[in-house]
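Me: I would like to go through a structure by way of questions, with the cut-offs spelled out where they are needed.

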Amino acid sequence: MSETVRRALRVLGFLGERPRKIDEVAEFMGLHRTTALRTLQVLEAERFVARDEGHAYRLASGLYFLANRALENTDLRTVAAPHITALSVEVPHTVHLAALEARRVVYIDKREAENRVRMYSRIGNVAPLYCTGVAKAILAFLPVAVQQEIADGIDYVRHTDNTITTAAGLLAELAAVARRGYATDHLEHEPFVNCVAAPVFEASGAVIGSVSVTATTLACDFEDVLTLVPRLIETTNAISDEYGWHPGLPTDQD
């Protein structure tokens, strides 16, 4: 990748955090203000960035268009859509769909609960691997050697009193997830959110994603969320079935 393209991509990531003035962009890039301006002008011409009234640069419609096209071309999102929609009609909580991309778990679709309370998850966000249900439901069905490598490479940050903070703790949790067939997030990432999640498999038995049901503590308690597991697993099994996998077939974790 050329240095010019690399810098442009880094700038987009930088602006994704919040709008920035030209001097901030130049300092971030480690370049003269004029060079930074040229990069921003190219991105602006392609509608990837725009300037607001305060002359700060922000992400713009061209980037959103590409992001939406990428999501539309994600097979899992298309296949799972009717299933997670049906699930969201039956349960009064937020339903997430996540996909495994390389060794990251990314939220690729979402059905909001009627009683909307802002949560961390947004389509396109990467889910923390050690403290979210969608991520643990996927990691638990990867080969054990891969789990070990991933667990050893995580920078564990304690978000709540329930957050897993060691590789050994995560591996023990993943083993439990694999045994019972679903993952939980019991106040681990946010102190007011409970979640259950189950994996989605393709025909080969490889895990490709997960579906979760997430509820705030204001809506219901953890035990109530656990009662939704059978319906959740029906949903993930139905999605997996469309890929040619069904309960009883081996997975990559086996």
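Me: What share of the residues of the chain counts as buried?
Reply: This is a predicted model, in which local features need pLDDT of at least 70, side-chain atom pairs count only at pLDDT 80 or more, and totals for chains, interfaces and linings use all residues. Residues are numbered from 1 along each chain as its sequence is written, and side-chain values use heavy atoms, with hydrogens and water left out. Taking buried as under 20% relative accessible area (1.4 Å probe, protein chains only), the share among the 254 residues of the chain is 46%.

Me: How many helices and strands are there in the chain?
Reply: Both are DSSP runs numbered from the N terminus, helices being H or I with at least four residues and strands E with at least two. Counted in this way, the chain has 10 helices and seven strands.

Me: Why do the buried residues of helix 2 line one face of the helix?
Reply: In helix 2, which spans residues 22-29, the buried residues are Ile-22, Val-25, Ala-26 and Met-29. Seen down the axis of helix 2, the directions from the axis to their C-beta atoms lie on one face because they fall within an arc of 100 degrees.

Me: Which helices are included in what covers the buried residues of helix 2?
Reply: Contact here means heavy atoms within 4.5 Å. By that criterion, the cover of these buried residues includes helix 1 (3-17) and helix 3 (33-45).

Technical notes
Buried < 20%, exposed > 50% of the residue type's maximum accessible area, 1.4 Å probe, protein only.
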